[in-house]
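This report concerns aromatic rings and the groups that surround them. The sequence and structure are shown first.

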Amino acid sequence: MKKCLYIFIVLFWAIGCADDDGNYSYSTVNEIGIDSIKELYTIDQFDILEIKPYLNFKIENTEDLSFEWKVNNNVISTSRICDGMVTEDPTPSGSAGYTAFLCVTDNATNLKYYKSFTVKVGTAYTNSLYILSENAEGNAKLSMQRRDRSNAPLIHDVFETANPLLGSLSKQPKQVYYYNNNFVILCAEGDRKMVAMDPKTMKLERIYGEEVIKGEYSGTFTPQNMKLYMGGMIVAKEGLFGYNYMSNQALMRPVAGNHDFAPWVDGNMQMDAYMWVTYDNSDYQFVRLHNGSGALYDEIIPITTDKFSTERQKFLTAGHYGYDELRPVLYNTEEKKAYFYRLKMIADEWDMVTFLPIWEFSYEKIMERENLIDENSISVLGMNSLYWFIANGSKIVRMHGDGGEIRDLFTVPNGVVVDMLLDAKEERLFVASSDGVNSWVYVLSTLVNDFGAQKEEPLQMSGKIVSMARTGSWTY
């Protein structure tokens, strides 16, 4: 009986198999192995992360694969070989870095395979050329180019990229300024007329405006330019405002009165926390700000001489040579003549009551020049080389600071010169020109053997450049 049952089962199985239409798939699952990706990659912000992974397959058909590279959960590339720009903020000190991974998807089976790794991001901002421009709507735009590597791209909208939730800068940009780890942008119109930013991350640190001015002042605040050393001073249409960034204090107004201060202020770079010098266009004299009563700059003291008069001369431009010598230039519009001066500041003694330095000032007229520099000129003086670089319209010349020979340097082929900047070694002159719609930056040699030669391809951008600044140590 058992034998008959066995035969029946075998026959039933055989009949069932005979009726099967054979529509089963026995293909091997395309398992993917991902290799040759390091555990840690170190890269600077705005650099391209390049990774070529090795993929191991059980079968060779890879046409239905898709790829996704993520850093900090942001997709930077969808190619098999990673070629995406990393825009994450620099990694905070002590942090292991950002989590990153490659996801490979087999679209035929919707199976996903992952390989994780870590990315540490360094700053791109600390060795750079910064360009502040004004677009067609009058808004300020900040751009930058790294100067510690060759052929670095020009990055635009730096403020918006670093502060994605804060909107844009204000209008009528005036100056981008960097000194001693302080990065500041000035605008004449808007809610952010003066902003301080972290030079490593370009994050907004603080906004300065009328509401933070100390004392009884209740007027407007329209900044034009600034200078920082151990202390700071902002030149505004309304007057001169002290700025103590060392103690993170707000703006402070020095002296009220009927003064027409020049759009210039400067001081001694070694012992300057107690002294600033400017020019009063209404009284035609150089003056110093003095904090004689202990309050911040509550006196204005004329710097006088009996050797000559500066009557009817208004401030035109100035340079800083060395640490304690200013080179102001005044201009007489009726004579169409520029007067060059040397102003020295010496503080060898200290007041034992206030413990403030006792300053001695002297200034002398170096030379007079006609038809060289006027109200429309752009100029820069080398800190060490004592050469003036002067641009009128599109032409740039170099003149020795004590009245030596004048040499033609360069003529910009587009627009007119709007700003100039020397590098730290004074070997290259960065010249910004604009036609009002577009701008260019030319890099020129100041060295004897290739004087005036273009050292790089000019940078081109939309908008009108109004100011340039440099940070860090540059290499070429």
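## Charges over rings

A charge sits over a ring if NZ of Lys or CZ of Arg is within 6 Å of the ring centre and within 35 degrees of the ring normal. R398 lies over the face of Y387, at 3.8 Å from the ring centre. The ring of F451 has the charged end of R407 over it, 4.1 Å from its centre.

## Basis of the values

The model is predicted: local features need pLDDT of at least 70, side-chain atom pairs count only at pLDDT 80 or more, and totals for chains, interfaces and linings use all residues. Residues are numbered from 1 along each chain as its sequence is written, and side-chain values use heavy atoms, with hydrogens and water left out.

## Aromatic pairs

Rings of Phe, Tyr and Trp (its six-membered ring) pair if their centres lie within 6.5 Å; planes under 30 degrees apart count as stacked, over 60 as edge-to-face and the rest as tilted. The structure holds 18 aromatic pairs. One of them joins Y179 and Y229, whose ring centres are 5.4 Å apart with planes at 85 degrees, so the pair is edge-to-face. This pair links distant parts of the chain, 50 residues apart: Y179 is in strand β13 (residues 171–179), and Y229 is in the loop between β17 (223–228) and β18 (232–236). Strands (E, at least two residues) are DSSP runs, numbered from the N terminus.

Buried means under 20% relative accessible area, exposed over 50%, and partly exposed in between (1.4 Å probe, protein chains only). Y179 is partly exposed at 24% relative accessibility, whereas Y229, at 4%, is buried.

## A ring cluster

Y279 and F286 form an edge-to-face pair, 4.9 Å centre to centre with 65 degrees between the planes. Y279 is buried at 0% relative accessibility, and F286 is buried with a relative accessible area of 0%. Ring pairs link Y279, F286, F308, Y341 and Y363 into a cluster.

Notes. Helix = DSSP H or I, 4+ residues; strand = E, 2+ residues; numbered from the N terminus.
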